[in-house]
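Here is a short briefing on interfaces, domains and charged pairs. Please look over the sequence and the model before reading on.

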Amino acid sequence: MAGGRRRKLALSKIYGIACGKASFKEDHSQIGRPGFSRVVYSNEPDCFEAGIRNYCDNYVRTTKYTAATFLPKSLFEQFRRVANFYFLVTGILSFTRLAPYSAVSAIVPLIIVIGATMIKEGVEDWRRKQQDIEVNNRKVKVHQRDGNFHYSEWKNLRVGDIVKVEKDEFFPTDLVLLASSYEDAVCYVETMNLDGETNLKLKQALEVTSSLNDDYNFRDFKAIIKCEDPNANLYSFVGTMEFEEQQYPLSPQQLLLRDSKLRNTDYIYGVVVFTGHDTKVIQNSTDPPSKRSKIEKKMDRIIYLMFFIVFIMGFVGSIFFGVATENDLENGRIKKRWYLRPDSSEILFDPKRAPAAAIYHFLTALLLFSYFIPISLYVSIEIVKILQSIFINQDIHMYYEEADKPAHARTSNLNEELGQVDTILSDKTGTLTCNSMEFIKCSVAGTAYGRGVTEVERAMDRKKGSPLVHEKLKVQNHIEDSTDINPTIKGFNFKDERIMNGNWVDEPCADVIQKFFRLLAICHTAIPEVDEDTGKVSYEAESPDEAAFVIAAREVGFEFHKRTQTSISLYELDPVSGRRVDRLYKLLNVLEFNSSRKRMSVIVRNEEGKLLLLCKGADSVMFERLAKGGRDFEEDTREHMNEYADAGLRTLVLAYRELSEDENKAFNEKFTEAKNSVSADRETLIDEVADQIERDLILLGATAVEDKLQNGVPDCIDKLAQAGIKLWVLTGDKMETAINIGYACSLLRQGMKQVIINLDTPEIQSLEKTGEKDAITKASRKSVLEQILQGTAQVTALSAMSEAFALIIDGKSLAYALEDDMKKMFLELAIGCASVICCRSSPKQKALVTRLVKSGTGKTTLAIGDGANDVGMLQEADIGIGISGVEGMQAVMSSDVAIAQFRYLERLLLVHGHWCYRRISSMICYFFYKNITFGFTLFLYEAYASFSAQPAYNDWYLSLYNVFFSSLPVIAMGVFDQDVSARFCLKFPLLYQEGVQNVLFGWRRIVSWMFNGFYSAIIIFFFCSKALEHQAFNHAGKTAGLEIFGGTMYTCVVWAVNLQMSLSISYFTLIQHIAIWGSIAFWYLFQVVYGFLPPSFSTNAYRVFIEALAPAPSYWLTTLFVVIATLIPYFLYSAIQMRFFPMYHGMIQWIRHEGHSNDAAYVEMVRQRSIRPTTVGSTARRVARSTHQR
Amino acid sequence: MTNTDRERHRERETAFYLFTQQRLPACKPVLTPAWVITIFLFTGFIFIPVGLVTLRASRSVVEIVERYDTECVPEPFRIDKVSYVQDDSIPKNCSLSLKVRKYMKAPIYIYYQLDNYYQNHRRYVKSRSDRQLLHGWKYHATSSCQPVEFNNNQPIVPCGLIAWSLFNDTFTFIRERAELKVNRKNIAWKSDRDHKFGKTVYPFNFQNGTLIGGGKLNPRIPLSDQEDLIVWMRTSALPSFRKLYGRIEEDLDADDVVVVHLMNNYNTYGFGGKKKLVLSTSSWLGGKNDFLGLACVFVGSSSVILAIVFMLLHLKSRR
């Protein structure tokens, strides 16, 4: 590339990274020892020495199985589930003579069920494999020989290869940087995929290799790199490079990590040191924790309960059986039930060995009652969940058209958990905000400018809906319409005709405005990038807010277009001549921003030779630095800034002062001296010097930058708050920013009591200066504890007055608050507060907080985030949601559900979450109901068959019950049932509490369903046996034998459970009809077909239906009567509940049914009843404001 | 509306789109009081008449039940009935006289009823070989028949406990000195006769051993014609059951006296089972059993009452 070296600017100097000669540190002495044994022969991956080392290739595998391990491994996985293992055991036992039914009939359903699950596993793994193939086949330029670089697949890279990575490409392996397109061999790296940080990192190669910046240089390049063994530490690297017979130390500064991205640099050359699974990022990736939903865990407990019931029944049966069997032979001679030949019996029925017979009977009973445990439960749930996730993926309302990104449920087994979320832990940047800053307002010389509307104001206005606001909205719309013609500029949303288009010169304080924007154009560390074709300037800045300032200045007419090491050039509008002039400012000193100073300044000399100190900073430090004569607009500015802050904007105060030559000279001397000092307190020295010159400033005004919230975030948060979900914000940002965002999304508002916990107290700061670690820790711990206790006291004292509290804690204090002895108190305090904001928190702390909430409250937590720094949190939470908005895929890859925008969370939780929760919980309850109904008839019949474990039904009836005659409707319910339509779910957010409080899957409900099952079984068995007693069954005088009795009873069971299903769902589409009536019809069809199979196969079901059952009115009449009688109690129960004690979804069904949904006033009334007073969100804010005004 | 808009619009109408968006047209029933009351009333109005009709059918059946297991043991043997019934040397003749209370229209079905007889015991139910019944002694895999599988190293046809314990009491009916014709054909299900019991399979080595269970079979009659056996081999569902013995194809008038001569061969004394002789006519619904009719009427009337109570409650407490 011809222009590759056009920038002669040594970027490394602006940032002031230590680019002096790297020195050997003590770590380097370890090279060659265990743990530091890696040797890389650069540019000779084929040489013998490299060959014997046999480092792994660059193929990265994320699949769970390989072709060889699939069968054993997935089978093992399957039979690890207790229920499946039980079925395996019964399946094996069914081949013995213990079995009350034929082995084939028992084993076939098991094979079907296990097979289906394994196919699903296989398909999922296949998809992962496809993904692997895509990644491994990406291409990168690799040095072949003689200075030629050719594209090669990632998977073919070997240790020692020289690769050339171009702008915006990912690094294929861990590389040691050799040279870049910049002369000083620096390059910019975006590590968002690794740590979620969006700012660019600067890497620099060793000086000796920095000249290797062209392809042909690598023709004869040779170097040996010795370094540490592969490890997971992203921030360390120890190695040496032997180049031209010299040893040079290597540090993380030279290491480029896989999955990070080259930015702002045309190309780099690097040598591969770690490949494939040796790379730091892959070493770092832990297996994602397999998450199971609470419902599934509870389901396991139900299964254990069922086992218990089965054991009890088997035990009772065995006792009776043992007694009956022993009685068959009296005194060892007299045969009572001679027809059973007790005298010559096998062990299973031998009266002489009755206890053994009883024990064997117990095993048989376990086989017989295996129908209590639904064999198809797991597989049905899996099917249902996959279909549910397809619905989530397909939902057009969660499809982000701009980026073509639909929602993506990555793990399907947490769907129902989405309906039970109690606390949301949210990241801020990229999740709540779009990570773009927009210059939106400013206050200059006491006048507020800027008519842009923030997302918060928009949300509030929409809610209010007062006529006045409508008008205002109209005006806004008008303005928006007019500006929409212009292409929108990223980072700039400032609309004010008084300033724009050069109109500012006519404003009363034009000179202040001029100074204001000039300051914005000069006081920063951004680098301009001029597009050679269009002449347009764009900027690379350290942070997006800085870029916003420069852009704002440019748009107003102060275009910063060139930076050299000593100067800054602007195109300015000269108010006198009205022409655009190029002005050069000599850059004398940059006093950098840091978190303790909270301000930055530059000292420049303008073309007139005047020395200016331009300063911008936080209001807390700026106002006290103003000169007496510089406070003209202080009051107005403060007022404006308060307004801005309440609207969630980031504010900065701008001020300047003119310096005299002497002052500057004196300062410069001191400053240089401080900079060059080598003592530990160099930073403090610099700060002190800077502090002395940044005084007596003259106020210009204030800026307001909107950390732009994503679309619809305030509304979404409001809805979630109404649904009773708590939202915690965990951010790495500084406290001020975090608080601003808190205001912006209505988590905070004026009048809320803020409990702030931090360690910025003077004592601790003074302790920090002494540097005694123990003392600092001790004091900090004490301070945090005190603050927590104070906060708790405050909260408990005032909570009675329905005062809302907000807890804001910073990372340092959080570290102490999360310690074992304090975390309980901290959690208690946090739960007492309406909003919780943790700022400056590290990824690890995010995860720890998540764990604390999860284990401390026992409620379901949901974490949402977009960056790699959220990965820990996403994995720790019960559900992790990744925002797939921007490029970083790390969060998405470790999330359970990925959505494109935060606002989709509303629909994901309130609609899909609620539905899935309801569906799965009803489904499981129903599953156990239907199996108890079926299984208990078996037990009752056994009791009438002398407890001999004789099943009432034909073998195949038994085994196909779960597979064919009752499984489809329950799957249809699990996939399609809707208690309340999506629209109403969103309209009545409190409906969501049904999931949070788990009313649909509490033990009461589960046990009631089980009771319903027992009750149904009892009714069916006794009514059938009474109705078919011993009299003639048809008019031809034939009596009912076992096959007729079994057939009739089975018919009743099939009808009863399917009709029960139709009673318990509230949403009938064609699919439900097909499933329910189809299952019943299939039962009749099955009887006919099965009955026509030869008697050796159909045994006692041979032609029973055609010959005996179907022509007999008794059969049909019994079916009708028994089924209705079975269902009446449940019907009555649900009718009474619906009419007199409706649950919340019932009430909504009433509203819909009675057609009140169009009656706004009525709905509002019910809604009001439904919405509990929330303490956060824009609704609460509006209410608070209106009460305040009153 | 542009073309793409129209296309999109059309796309949104397709069933598949509606399906993926979970907006398929659906019926969403709500259990409103109106529905509840209607359903209850409907149930009532169906079940009460159905119950009454059923009850009428059941009541129209005339049934005579006579227990004979004790009476048919002569007084001196009543202390040890088992040895009486097992002693071949003692004649087992016995006579009963049945009084017909109501006119009984032919066909009159004759049943024997056994109580406390576990024909549904698993050991018993399994102890048969359907293939042997169909294919005869050529079929060897009859292990399920144990312990009645072989005798003197010869296979037993039909094998198994069920066949072995065949009921063997016999009945003859005399009205006014004339013997009543008892039709003992067509008492078994047709499919059994045609497809489950071989037409060329003859009893072989049956009841030949040391232990004699129940009835014997005529070795010259193929199994498919041994209807007593076929009826017996359809095992009963419950420990108390009736099995069809034959049909009297003459009407019996009220106050007729029918004398039954029976051979009391079958041993139910060992396990305290009862034996009963049942004469019954049949209706379109079958035999006499009031349960279904009464229960229908009960459920139907409860439904009506529930409907009324629900209506009252509903009217009393307006929402």
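A salt bridge here is a side-chain nitrogen of Lys or Arg within 4 Å of a carboxyl oxygen of Asp or Glu. Lys120(A) and Glu382(A) meet that rule through their side chains, at 2.7 Å from N to O. The model is predicted, so local features need pLDDT of at least 70 and side-chain atom pairs count only at pLDDT 80 or more, while totals for chains, interfaces and linings use all residues. Residues are numbered from 1 along each chain as its sequence is written, chains are lettered from A in the order in which they are written, and side-chain values use heavy atoms, with hydrogens and water left out.

**Interface of chain A and chain B**

- Contact (heavy atoms within 4.5 Å) involves 93 residues of chain A and 92 residues of chain B.
- The two chains bury about 8100 Å² between them, and carbon and sulfur atoms account for 64% of it. Buried area is the accessible area (1.4 Å probe) that two parts lose on being put together, summed over both.
- On the chain A side, Trp338(A), Tyr339(A) and Arg1139(A) lose the most area to chain B. Together they give 10% of what that side buries.
- The interface has 2 salt bridges. Glu1043(A) and Arg234(B) form a salt bridge through their side chains, at 2.8 Å from N to O.
- Helix H38 (residues 1113-1140) of chain A supplies the largest share of the chain A side that touches chain B, 17 residues. Helices (H or I, at least four residues) and strands (E, at least two) are DSSP runs, numbered from the N terminus.
- By class, the chain A side has 46 nonpolar, 28 polar and 19 charged residues. Ala, Val, Leu, Ile, Met, Phe, Trp, Tyr, Cys and Pro count as nonpolar, Asp, Glu, Lys and Arg as charged, and the others, Gly among them, as polar.
- Between chain A and chain B there are 33 residue pairs in polar contact, with both residues at pLDDT 80 or more. A polar contact is a pair of N or O atoms within 3.5 Å; within protein, one must be able to donate a hydrogen and the other to accept it, and residues adjacent in sequence count only if both atoms are side-chain atoms.

**Domains of chain B**

- Chain B divides into domain 1 (31-61 + 287-318) and domain 2 (63-281). These bounds come from an automatic or database domain assignment.
- The contact between them takes 4 residues from domain 1 of chain B and 4 residues from domain 2 of chain B.
- The centres of domain 1 and domain 2 of chain B, taken over C-alpha atoms, are 42 Å apart.
- The area buried between domain 1 and domain 2 of chain B is about 270 Å², with 42% from carbon and sulfur atoms.
- Arg59(B), Val61(B) and Lys288(B) lose the most area on the domain 1 side, together 89% of what that side buries.
- Across this domain interface the rule finds 0 salt bridges.
- The domain 1 side that touches domain 2 has 1 nonpolar, 1 polar and 2 charged residues.

**Salt bridges within chain A**

- Over all chains, the whole structure holds 64 salt bridges.
- Asp278(A) pairs with Arg38(A), with the closest N and O atoms 3.5 Å apart. Asp278(A) lies in the loop between strand S13 (267-274) and helix H7 (280-284) of chain A and Arg38(A) in strand S1 (residues 38-42) of chain A, so the pair ties together parts 240 residues apart in sequence.
- Both Asp278(A) and Arg38(A) are buried. Buried means under 20% relative accessible area, exposed over 50%, partly exposed in between (1.4 Å probe, protein chains only).
- Where do the partners of the 2.7 Å pair, Lys120(A) and Glu382(A), sit? Lys120(A) lies in helix H5 (residues 103-136) of chain A and Glu382(A) in helix H10 (residues 377-394) of chain A, so the pair ties together parts 262 residues apart in sequence.
- Lys120(A) is buried at 16% relative accessible area, and Glu382(A) is buried at 15%.
- Arg580(A) and Glu559(A) meet in a salt bridge at 3.3 Å, N to O. Arg580(A) is in strand S24 (residues 580-591) of chain A and Glu559(A) in strand S22 (residues 559-563) of chain A, 21 residues apart.
- Arg580(A) is exposed at 53% relative accessibility, whereas Glu559(A) is buried at 12%.
- A network of salt bridges links Arg292(A), Glu296(A), Asp300(A), Lys385(A) and Glu416(A).
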